[in-house]
2 protein chains.
Amino acid sequence: EAVPRSAIELRCQCISTHSKIIHPKLILNVNLTPSGPHCKNVEVIATLRNGREVCLEPTAPWVKLIIKAILDKANTKPKTAS
Amino acid sequence: EAVPRSAIELRCQCISTHSKIIHPKLILNVNLTPSGPHCKNVEVIATLRNGREVCLEPTAPWVKLIIKAILDKANTKPKTAS
């Protein structure tokens, strides 16, 4: 079973964060890593449809909105297995 | 460059969600996948310190609180590279 890269990395993964807003449709998934001994920053990494991984700024309002939108969509969806 | 497993999976990754509350200290990272053609459910997968991956219920209040807590911590941390 593969362990996600972020689970085995021992230091920060983001050296900088993407400055421009990314359209939610382009985002495949978002990974949130709390700060910890490996890195004192909270890291938010989005995987895009084109396969690229970009670091997002966790304090940016649009980043929080995208995360909220993903979760809110769960409330409005039927919960049957597909 | 490795593409995260969730980026290449073509179907739902969660068959069920973990029913009990998980202490935030045990969580290494949280991955959010919006619903899409591959899966009609929003999927929230936490990687734990013991290496296990567990599916969380995106509509559960404690799950939303954990995600909010991770992001909120970014606001209170100094933003220098480590």
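**Exercise 1.** Determine the handedness of the link between A:Cys12 and A:Cys39.

Solution. The model is predicted. Step 1: the torsion about the S-S bond of A:Cys12 and A:Cys39 is about 95 degrees, so this disulfide is right-handed. A:Cys12 sits in the loop between helix H1 (5-8) and strand S1 (27-33) of chain A, A:Cys39 in the loop between S1 and strand S2 (43-48), and 27 residues separate the two. Step 3: the sulfur atoms are 2.1 Å apart, and both A:Cys12 and A:Cys39 are buried.

**Exercise 2.** Are A:Cys14 and A:Cys55 buried or exposed?

Solution. Step 1: the cut-off for buried is under 20% relative accessible area. Step 2: A:Cys14 has 15%, so A:Cys14 is buried. Step 3: A:Cys55 has 14%, so A:Cys55 is buried as well. Step 4: the two are joined by a disulfide with an S to S distance of 2.0 Å. The link is left-handed, with -85 degrees about the S-S bond.

**Exercise 3.** Find which parts of chain B are tied together by B:Cys14 and B:Cys55.

Solution. Step 1: the sulfur atoms of B:Cys14 and B:Cys55 are 2.0 Å apart, and the pair forms a disulfide. Step 2: the torsion of -85 degrees makes the link left-handed. Step 3: B:Cys14 is in the loop between helix H1 (5-8) and strand S1 (27-33) of chain B, and B:Cys55 is in strand S3 (residues 53-56), so the pair ties together parts 41 residues apart in sequence.

Definitions and conventions:
Residues numbered from 1 in each chain as written. Chains lettered and ligands numbered in written order. Predicted model: local features only at pLDDT ≥ 70, side-chain atom pairs only at ≥ 80, totals over all residues. Heavy atoms only, no water. Disulfide = S-S within 2.5 Å. Helix = DSSP H or I, 4+ residues; strand = E, 2+ residues; numbered from the N terminus. Buried < 20%, exposed > 50% of the residue type's maximum accessible area, 1.4 Å probe, protein only.
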